[in-house]
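Here's a quick briefing to read alongside the coordinates. Have the viewer open and follow along.

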Amino acid sequence: MNSQKILKQLFLDGLERCSPDQAVFDSLEIKDQRLDVLGSSFELQNHPIYLMAVGKAAVPMYEAAQHMLGDAIRDSIVVTSSQSAANN
């Protein structure tokens, strides 16, 4: 692999690690009906989740959390200034 391809791959890998949805996937973990968020643990059974996402990255972060939490989410709100993201 030449140096240009290596640099391009490093750049793309860096972008992926910095993506808003990847940050959510890296921060949340669900196991045994418990939600772990950056070291804090919460019981999921009989405890609904209200999800709020705000900002330019709100939509991809919300989508990642929704993917992970699914039916545990009771209600949610997403606030973004990005018109194209809001239309999705």
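What follows is a short tour by topic, starting with confidence and ending with backbone angles.

This is a predicted model, so local features need pLDDT of at least 70 and side-chain atom pairs count only at pLDDT 80 or more, while totals for chains, interfaces and linings use all residues. Residues are numbered from 1 along each chain as its sequence is written, and side-chain values use heavy atoms, with hydrogens and water left out.

**Confidence**

- The protein averages a pLDDT of 87, and 91% of the residues score at least 70; pLDDT is the predictor's confidence in each residue, from 0 to 100.
- Helices (H or I, at least four residues) and strands (E, at least two) are DSSP runs, numbered from the N terminus.
- Where pLDDT is low, the predicted coordinates should not be read in detail.

**The sheet**

- Three strands make an open sheet, ordered β1-β2-β3, with antiparallel pairing; two strands pair if DSSP finds at least two bridges between them.
- At the edges sit β1 (28-31) and β3 (40-43), each pairing on one side only.
- From one strand to the next, the twist averages 25°; the axes are lines fitted to C-alpha atoms (for helices over the stretch in contact), and angles run from 0 to 180 degrees between N-to-C directions.
- β1 and strand β2 (residues 34-37) run antiparallel and are joined by four bridges.
- Zooming in on I30, its bridge partner in β2 is L35.

**Salt bridges**

- How many salt bridges does the structure hold? There are two, where a salt bridge is a side-chain nitrogen of Lys or Arg within 4 Å of a carboxyl oxygen of Asp or Glu.
- One links the side chains of K31 and E29, at 3.9 Å from N to O.
- K31 has a relative accessible area of 43% and is partly exposed, and E29 is partly exposed too, at 41%; the scale calls residues buried under 20% relative accessible area, exposed over 50% and partly exposed in between (1.4 Å probe, protein chains only).
- The other salt bridge joins the side chains of R34 and E43, with an N to O distance of 2.8 Å.
- R34 is partly exposed at 31% relative accessibility, and E43 is partly exposed at 34%.
- As background, side chains of opposite charge can pair when their charged atoms come close.

- V79 sits in strand β5 and is partly exposed, with a relative accessible area of 42%.

**Positive phi**

- L38 isn't a glycine, yet its phi is positive, at about 50°.
- You'll find L38 in the loop between β2 and β3, where L38 is exposed at 69% relative accessibility.
- N46, also a residue other than glycine, has a positive phi near 65°.
- The loop between β3 and β4 holds N46, which counts as exposed at 72% relative accessibility.
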